[in-house]
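Thanks, everyone. I have one structure today, and I will keep to a few points. Let me put it on the screen.

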Amino acid sequence: MAESRTAVYGAIAANLAIAVTKFAVAGVTGSSAMLSEGVHSLVDTGNGALLLVGMHRSARPPSPRHPFGHGKELYFWSLIVGVLIFGLGGGVSVYEGIVHLRRPVASGDPFWNYVVLAAAAVFEGISFSIAWREFSRQRGATPVWQALRRSKDPATYTVLAEDSAALAGLAIAATGVFLSHRLDMPSLDGAASIVIGLLLAGVAVLLIRESRGLLVGEGVQPDTADAIRRILAEEAQAREVGPVLSMYIGPEDVLITTTVTVRPDMPARELAAAVQRAEERIRRQYPRICRIYVEVQPEGVATGRGAGDTAAARAPAGASTAGAASPGLPAAAVKAIRTSRRG
């Protein structure tokens, strides 16, 4: 999380300095594309501050009303960031572009436009490199596009997306300024502003989509769930492993729960040890999985829906309970539940 904060702080500093410079030059030259870029940088500055708010609030400890903590606060604030990029960034840029298309105004000397765009590219490049370094550390050997789709840390991928859009927007603005003066067509400056707005809107839609999925309870990837089922089947010698129900509580905090069916004569101590071994393997392979709830039932005995959740809810974090003290499981549906939480 500390590395993510560094990326956000770097983005805020760069965007604030760039926004002030862009607005000053836009006022002098009258460039619509430069004004749109100024709005873009100002929105990015505010978005960085909102991400810091989300990171701070998500770090609060669990409470009686929020027993799983506040990790999803970060997803909420990243959703707000996406909405702001769409409305203030994309919407204002498109509006300014349309206004300048309808009433083209010749810009002044483009020299300062180019100076600001070059300086902005340097600052945005530094911010992008910081975010990219953190993203590369997180993804390891995973391919870039796959890692982007699987990343659950808004503080990293939001800054990365914003900086990528900013660098592309700078290139579009420079092209618009150049062509409007080269061809003596001020309307091209407005067209560049519209393109920048559409670019920001597209990035915003992607961020909103990702935040929405995490807020409504997105779980682990199907291949991860299959691997967890195989681990439980191997360690517990299970006759059957139910579906793995999972949910991201935070970027580095995943909850999983499942049901394991074992032979009726399996000793309770052996069962508890098997579940513990499975848990340790899951942790080593998937460090993000912090909370593991396993309901164990003997083969041939049906269990009411939700019973495992009730029993698991009564067990304190980090506790392990066995459903029988006898060498084997009783004929009735008895659950041996291993409930754990990292840290």
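How many helices and strands does the secondary structure of the protein chain come to? Ten helices and six strands. Keep in mind that this is a predicted model.

On confidence, the protein chain has a mean pLDDT of 80, with 85% of its residues at 70 or more. The stretch to treat separately is residues 304-340, where the pLDDT is below 50. That stretch still has 76 contacts in the model beyond near neighbours in sequence.

Now the chain overall. It has 343 residues, and buried ones make up 46% of them. If you take contacts between residues at least 6 apart in sequence, 75% of those join residues at least 24 apart.

Next, a helix pair. Helix α3 covers residues 73-102 and helix α7 covers residues 187-215. The two pack with their axes 7 Å apart, at an angle of about 165°. Angles over 145 degrees count as roughly antiparallel, so that is how α3 runs relative to α7. Their crossing is left-handed.

Is Lys22 buried or exposed? The relative accessible area of Lys22 is 1%, and the cut-off for buried is under 20%, so Lys22 counts as buried.

What does the Lys22 side chain pair with in a polar contact? The side chain of Ser41, at 2.9 Å. Leaving out residues up to four places away in sequence, Lys22 also touches others, including Met34, Glu37, Gly38, Val116, Ala120 and Leu170.

That is what I have.

Definitions and conventions
Residues numbered from 1 in each chain as written. Heavy atoms only, no water. pLDDT = per-residue confidence, 0-100. Contact = heavy atoms within 4.5 Å. Buried < 20%, exposed > 50% of the residue type's maximum accessible area, 1.4 Å probe, protein only. Polar contact = N/O pair within 3.5 Å; in protein donor to acceptor, adjacent residues only side chain to side chain. Axes fitted to C-alpha atoms, helices over the stretch in contact; angles between N-to-C directions. Helix = DSSP H or I, 4+ residues; strand = E, 2+ residues; numbered from the N terminus. Parallel < 35°, antiparallel > 145°, perpendicular 65-115°, else oblique. Left-handed = near helix turned anticlockwise from the far one by under 90°.
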